[in-house]
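I opened this notebook to record, entry by entry, what I looked up in the coordinates. The entries go from strand pairings to helices, then to cores and a single residue.

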Amino acid sequence: MNFTGRDCSRLSVSRWWFGRSLLVNGPVAGRYRGVKSQDVAAIRSAIAGRLQSVELGPVLDRARAFRSDFNRLLEQHRMQGRWIPYDRVAAVLRLRPTDDELALLRGSMREALLTPEEREALDLLGRDWTAIVRSVNAQILSAELASRRDFFDRIEKSPLTEEQARAVVTFDNRVRVVAAAGSGKTSVMVARAAYAVARGFVAPERILMLAFNTDAAAELRARVAARLEAVGLPTAGIQASTFHSFGLALIGRATGRKPSVASWVGRQSTEIDKVLAIVDELRDSSPEFRYKWDTFRLLYGRMSETPETGDHDSYDRDTRQNGFRTYRGETVRSEGERLIADWLFLNGVEYRYEQPYAHDVADADHSQYRPDFYYPQIDVWHEHWALRADGTPPEAFTGYADSMQWKRSVHQRFGTTLLETAWHEIVTFKGFAALDAELRTRGVELDWNPERPRPTSGAQPIEHERLARTIRTFMSNVKANSLTRDDLAARLAERPSPRTRIFLELYWEIHDRWEQELRAAGAIDFDDMLVQAADLLERSPDLSAYDLVLIDEFQDTSHSRARLVRALCQGPEKYLLAVGDDWQAINRFAGADITAMTRFEQMFGPAETVRLQTTFRNPQTIADIAGRFVSRNPAQIDKRVVSARRAASHPEDGPPVTIIRVETRDGLQRAIDGYLTDLATRAAQSSIDVLGRYRHEEKLVPRHGFPGLDVTFRTVHAAKGLEADYVILPNLTKGIYGFPSKIEDDPVLGLAMPGDDGFPHAEERRLFYVALTRARRAVTIFTVVGQESPFVVELLDDPDVVVQGITPNATRVRVCPGCGQGTLVLRRGPYGEFLGCSRYPACTHKAKLDRGTDSGRLRAASPRMP
């Protein structure tokens with residue numbers, strides 16, 4: 001019996017097991033029928049040869065090589081005291097046999113046949129290599145923290161904490177540092193650069209630090225120079241730059257021609273002025289554009305996406321009807337009716353809203369008929385139907401179709417003229433064009449005047465500046481995400497919106513003119529620059545002259561910045577440290593994509609996450625209140641912020657977070673004046689930041705000075721990264737210019753912006769967190785009774801927040817049990833006093849007034865309502 005390698009290669013798995021048994025155990029008389037004992041030697045020889053054949057021999061070779069290289073890697077890093085980075089481990093792992101090869105290897109022999117070296121190699125292949133590396137890295141980390149304690153104590157003015165030092169030593173290829181407010185993230189960046197130089201891991205000229213503004217970049221340069229020199233380390237060559245400066249320099253180096261940045265970009269005010277200038281030119285040169293711009297601003301800018309949505313913003317005391325306020329000052333029942341009423345008003349058309357029908361048609365099933373609109377000049381009635389494009393009303397509108405049929409039959413019976421419009425038609429220009437033609441045919445003169453004077457009781461339109469700001473925000477996101485016309489058209493097709501379609505028509509005309517202006521100036525804007533720099537690096541990785549890249553404020557990274565960072569760090573022996581706090585992600589309007597932080601590994605690859613959870617700024621109570629508030633959004637990265645100073649170091653400060661309620665808006669400045677006057681008597685030589693949601697809130701800061709107090713007004717956005725002894729939030733109320741703001745939430749922005757997590761006011765919530773965490777000693781929040789911000793209402797339930805009032809009545813407050821977003825205030829109706837929600841008419845919750853408990857405690861100036 002002569003077995004060859006070819007014969008063995010044809011053996012099935014079952015015959016391999018049979019042969020393996022012969023090879024190991026030898027023949028046993030009568031055990032294997034049909035196999036002669038003299039053939040056993042040949043079988044064993046053939047199978048043994050097969051194990052060293054071209055199919056299985058290399059498998060064992062790779063297993064042995066993997067074991068050797070893996071163990072060598074661990075030992076080298078132990079000896080060097082250097083963290084084992086993921087990419088080095090991955091390079092060794094690529095030597096492993098495949099799972100299929102291992103299955104074949106293990107299925108074709110018994111362990112007894114392996115040498116000890118081969119057995120150890122196979123055993124290593126079956127173990128959790130990540131756990132092994134993690135264990136060795138833990139040992140290296142512990143040893144480094146102990147042996148280099150002197151370095152960590154001296155590299156910054158204050159010794160690094162253990163969690164800061166851990167972030168420095170964790171020298172992996174990609175490290176995400178989740179840093180709480182006031183946790184010393186800049187110290188980690190400086191110490192990381194110093195550690196890399198001191199250990200010889202990276203040469204100074206191969207280190208790049210990127211910040212988001214010139215002040216932050218300048219601080220990094222100064223800190224690196226001062227602290228590395230203090231410990232005797234070279235600093236020449238370390239670069240600290242803004243993304244924009246770095247991108248411009250890279251483009252210049254790659255192309256031989258450094259681009260110029262347009263003079264009007266870089267500041268929001270000048271960019272919005274440029275958009276307004278373009279809009280003025282387009283309105284002057286194109287009547288069609290002028291009409292679209294004015295119509296969107298005056299009519300569609302306040303419109304919801306469906307006929308049944310939209311929050312009531314008006315109440316008619318005579319009809320006791322909730323609804324929507326028109327430019328003429330009346331309250332109509334639906335947003336569709338408001339669109340028509342405002343269009344008629346802007347065209348100078350005389351109309352009457354819900355005038356009783358000319359004939360008495362009330363019966364057992366119907367009250368007296370009141371059509372939506374009546375045109376007395378031509379004796380024509382007008383009904384507006386809440387119908388979608390398929391001709392159906394919203395499902396919640398029970399009996400709507402029957403009501404339509406009855407109303408039409410009334411007009412047929414009495415021979416009156418009825419005009420009809422539908423929601424799906426008027427949400428496009430087509431619907432109003434048809435209504436225009438109908439009215440003109442019947443002799444009505446239309447005089448479109450966007451500047452038509454409105455009564456003081458009428459609704460206010462969207463300002464030109466506000467719409468221009470929305471356009472510029474949209475443009476930044478379009479460019480940052482490299483979106484084309486086709487991309488946006490595809491997104492619009494996925495979630496159709498007539499309102500957004502109109503906006504896009506306006507946007508592309510402005511976008512094209514913006515691009516023409518850039519070309520005429522031979523310049524680019526910052527969005528273009530980031531995209532061009534990322535393109536160049538992706539095509540030519542050799543343009544990156546850096547091995548260690550450190551990024552500040554990583555939660556504010558846009559898609560184009562993330563591309564730039566990823567391209568900088570591609571290739572072997574590259575190291576990225578990204579420091580940020582998703583709780584402080586507040587620049588989505590400028591293109592920031594929080595997922596760069598929250599989904600870090602998906603974008604950059606396998607990474608280590610280190611947390612800095614000790615704050616050196618806030619007392620523990622402020623940290624707890626702010627943390628509980630922002631964490632109501634479950635999409636945030638979990639962290640437990642601990643103050644380095646547990647006990648209150650300034651007992652005279654009083655409660656760490658106080659809400660002061662005043663009776664009217666007019667009382668805010670007086671209340672703030674009184675608070676600062678009192679503070680000056682007990683906290684001299686202190687800094688106070690008054691943080692407004694908007695710049696115009698600066699008028700609430702008293703003009704005169706306060707002895708011993710350094711009072712500064714800033715917007716909350718401008719206060720990012722700063723701190724003060726005391727923080728005042730001067731106007732925490734609801735409304736268009738409230739906090740949370742309703743201005744920044746235009747739904748059209750969602751078409752170009754990075755996706756949010758869907759949590760209500762997610763970005764505004766994070767902005768409020770930033771405001772709270774600027775304070776070293778105490779935060780004082782001012783609000784108005786019955787007009788409290790939803791954020792204030794949430795804080796009312798926090799046990800650590802203290803509520804005060806300028807009057808005793810304003811001190812007492814109850815959260816509305818109906819919506820949980822407003823407060824109960826005293827109201828007066830035709831039947832006396834009762835408690836109603838401050839969010840009325842959005843919330844209609846009412847409660848009886850308990851004279852023994854509530855009388856006098858909730859009394860506040862408030863409008864009549866039923």
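Entry: Strand β2 (residues 207-211) and β13 pair in the parallel sense over four bridges, where I count two strands as paired if DSSP finds at least two bridges between them, and where helices (H or I, at least four residues) and strands (E, at least two) are DSSP runs numbered from the N terminus. Strand β14 (residues 575-580) is also parallel to β13 and joined to it by four bridges, with L550 opposite L577 in β14. I then asked which residues of β13 (residues 548-551) are buried on its two faces: L548 and L550 lie on one side and V549 and I551 on the other, and all are buried, that is, under 20% relative accessible area with a 1.4 Å probe and protein chains only, against over 50% for exposed and partly exposed in between. With helix α24 (residues 559-568), β13 and β14 make a right-handed β-α-β unit; right-handed here says that, with the strands pointing away from the viewer, the path from the first strand over the helix to the second runs clockwise.

**Entry: provenance.** I noted that this is a predicted model, in which local features need pLDDT of at least 70 and side-chain atom pairs count only at pLDDT 80 or more, while totals for chains, interfaces and linings use all residues. Residues are numbered from 1 along each chain as its sequence is written, and side-chain values use heavy atoms, with hydrogens and water left out.

**Entry: the six-stranded sheet.** I traced an open sheet with parallel pairing in the order β20-β19-β21-β22-β18-β23. Its edges are β20 (709-715) and β23 (802-805), each with a single partner strand, so one side of each has no neighbour in the sheet. The twist averages 25° from one strand to the next, with axes taken as lines fitted to C-alpha atoms (for helices over the stretch in contact) and angles running from 0 to 180 degrees between N-to-C directions. Strand β18 (residues 657-662) pairs with β22 over six bridges in the parallel sense, and V657 stands opposite V779 in β22. Helix α28 (residues 668-682) lies across β18, β19, β20, β21 and β22, at about 155° to β22.

**Entry: an enclosed helix.** For α29 (residues 762-772) I found 11 of the 11 residues buried, so the helix is largely enclosed by the rest of the structure. Its cover includes α27 (620-630), β19 (686-692), β21 (724-729), β22 (775-784) and α30 (790-796), with contact taken as heavy atoms within 4.5 Å.

**Entry: cores.** The largest nonpolar core has 69 residues, and L439 is one of those with the most contacts inside it; such a core is a set of buried Ala, Val, Leu, Ile, Met, Phe, Trp, Tyr and Cys residues joined through side-chain atoms within 4.5 Å. Helix α22 (residues 498-521) gives the largest share, nine residues. Another core, of 45 residues, lies apart from it and has L550 among its members.

**Entry: T823.** Where is T823 found? I located T823 in the loop between α31 (808-811) and β24 (824-829), buried at a relative accessible area of 0%.
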